[in-house]
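Subject: Handing over a structure

Hi there,

Here is the structure I promised to pass on to you. Have a look at it first, and then read on for my notes.

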Amino acid sequence: MSQQNGDNKPVAKKKPKAIALLSGGLDSSLAVRMMLEQGVDVEAVAIKTPFCDFDCGKGCGHRVKEVADELGIKLKTVYFGEEYLRMLKNPKHGYGSGMNPCIDCRGMMYNAAKEHMEKTGADFVITGEVLFQRPMSQNNRALHIIESETGMEGKVLRPLSAKHLPPTDAEKSGLIKRENMGDIKGRSRKGQLELAKRFGMAEPPNAAGGCLLTDPAFSKRIEDIMDHCSDIPSLNDIELLKVGRHFRLTPDAKLVVGRNKDENEVIRALVTEGDVVIEAKDHVGPTCILRGKHDNKILAKCAAIVLRYSDAPKDVESKVRIIITADDREMETTAVPAESSAVDALRI
């Protein structure tokens with residue numbers, strides 16, 4: 001489509017451009033396809049956090065790179081590290097059912113998309129959000145709050161649910177035809193699957209929803225570490241939360257016990273200066289990290305817990321190897337495997 005300039009020569013109409021928040025899941029993929037179908041130029045921003053990493057295999061958009069390639073769009077990755085942990089320590093809008101600060105988290109994502117929108121000269125942002133799909137962040141009030149606090153009023157188009165939401169600037173100006181937008185809402189996936197079929201998606205990706213902060217067990221670990229650190233935990237601390245069994249020994253000390261060979265290897269890789277590494281000496285068992293302040297009494301308790309999860313016989317003393325990384329010192333002690341009830345009382 002073209003317009004006339006002062007010399008009556010046709011001038012090509014500017015092609016609308018959008019920045020997509022792409023998770024790699026079905027909803028955001030469909031949102032992009034709907035825009036491409038309308039002739040919109042789309043680039044994508046993918047967000048990684050310490051808890052929602054598209055390479056983690058947890059379902060949280062771990063196919064995002066492949067999806068961007070399939071869609072034929074450029075992809076920019078934005079990583080939130082320490083700034084995300086500071087937000088998580090005290091989110092303005094609180095938590096959901098677990099330790100998930102969904103409204104504050106979406107605000108950070110919107111800001112990242114907004115920055116890329118302004119940098120690339122795009123007209124608006126698109127997301128795969130579906131009205132009422134997620135109770136905390138995808139309701140009318142939450143969507144309004146996030147847009148208002150990020151200065152994105154009218155700039156965020158949600159193609160899947162657009163007909164249930166106020167018209168955006170892109171729709172009002174004619175960049176997007178509202179009649180071609182979706183009217184999906186709620187938690188049912190029927191509408192998305194029908195749309196995927198229309199687009200000829202033979203094996204549509206699953207919904208992206210693997211944020212660890214919504215997991216009840218993991219939320220307890222996050223809450224514990226937030227309660228017991230003076231500032232914020234390190235990124236190494238967060239990675240350690242993802243593996244092993246965790247035991248709160250004192251306000252200043254925690255023990256992490258590997259559950260299998262793979263976790264033992266991860267735990268060894270996460271050892272940092274000041275940690276104490278503990279293993280059963282003569283029996284197959286876990287690799288363990290004691291992190292925090294400790295004395296001989298705490299070391300003895302750890303040795304008993306380590307043996308509890310090893311092949312060491314019950315009610316019999318066995319040797320335990322202890323490596324003090326602070327001064328690169330190795331020592332041995334003996335202990336009897338701890339009773340299950342005593343161990344369970346300490347488990348986070």
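Leaving aside its neighbours within four places in sequence, which residues is Ser 318 in contact with? They are His 283, Leu 307, Ala 312, Pro 313, Thr 333, Thr 334 and Ala 335, where contact means heavy atoms within 4.5 Å. Ser 318 itself is found in strand S12 and counts as buried, at 6% relative accessibility. Buried means under 20% relative accessible area, exposed means over 50%, and partly exposed lies in between (1.4 Å probe, protein chains only).

Before you go further, please note that this is a predicted model, in which local features need pLDDT of at least 70 and side-chain atom pairs count only at pLDDT 80 or more, while totals for chains, interfaces and linings use all residues. Residues are numbered from 1 along each chain as its sequence is written, and side-chain values use heavy atoms, with hydrogens and water left out.

The overall picture

The protein has 12 helices and 13 strands; these are DSSP runs numbered from the N terminus, with helices (H or I) of at least four residues and strands (E) of at least two. Its radius of gyration, taken over C-alpha atoms, is 26 Å, well over the 20 Å that the globule rule (2.2 Å times the number of residues to the power 0.38) gives for 348 residues, so the protein is more spread out than a compact globule. Along the principal axes, the C-alpha atoms fill a box of roughly 95 × 40 × 35 Å.

Of the 348 residues, 50% count as buried. Among contacts with a separation of 6 or more, 64% are between residues 24 or more positions apart. The protein exposes about 17,300 Å², and carbon and sulfur atoms supply 48% of that area, by the Shrake-Rupley method with a 1.4 Å probe.

The cores

The largest nonpolar core has 40 residues. A nonpolar core here is a set of buried Ala, Val, Leu, Ile, Met, Phe, Trp, Tyr and Cys residues joined through side-chain atoms within 4.5 Å. Those with the most contacts inside this core are Ile 47, Phe 51, Tyr 84, Leu 213 and Ile 222. Among the elements that give two or more residues to it are strand S3 (17-21), strand S4 (41-48), helix H3 (82-89) and helix H8 (216-227). The largest share, 8 residues, comes from H4. Apart from this core lies another, of 31 residues, with Leu 26, Val 42, Ile 176 and Leu 195 among them.

Not counting residues up to four places away in sequence, Tyr 84 touches Thr 49, Pro 50, Phe 51, Pro 101, Cys 105, Met 108 and Leu 213.

Some buried places

Leu 157, in strand S7, counts as buried at 1% relative accessibility. Beyond its neighbours within four places in sequence, its contacts include Met 35, Phe 124, Ile 126, Ile 176 and Met 181.

Gly 154 sits in the loop between H5 and strand S7 (156-157) and counts as buried at 18% relative accessibility. Not counting residues up to four places away in sequence, Gly 154 touches Glu 147, Thr 168, Asp 169 and Ala 170. From Gly 154 to Asp 282, 128 residues apart along the chain, the C-alpha atoms are separated by 66 Å. Gly 107, in helix H4, is also buried, at 12% relative accessibility. It touches Ile 146 and Thr 150, again not counting residues up to four places away in sequence.

Most residues other than glycine have a negative phi. Asp 315 has a positive phi of about 60°; this residue lies in the loop between helix H11 (296-308) and strand S12 (318-324) and is exposed, with a relative accessible area of 65%. Asp 328 also has a positive phi, near 50°. Its place is the loop between S12 and strand S13 (329-335), and Asp 328 is exposed too, with a relative accessible area of 71%.

Happy browsing!
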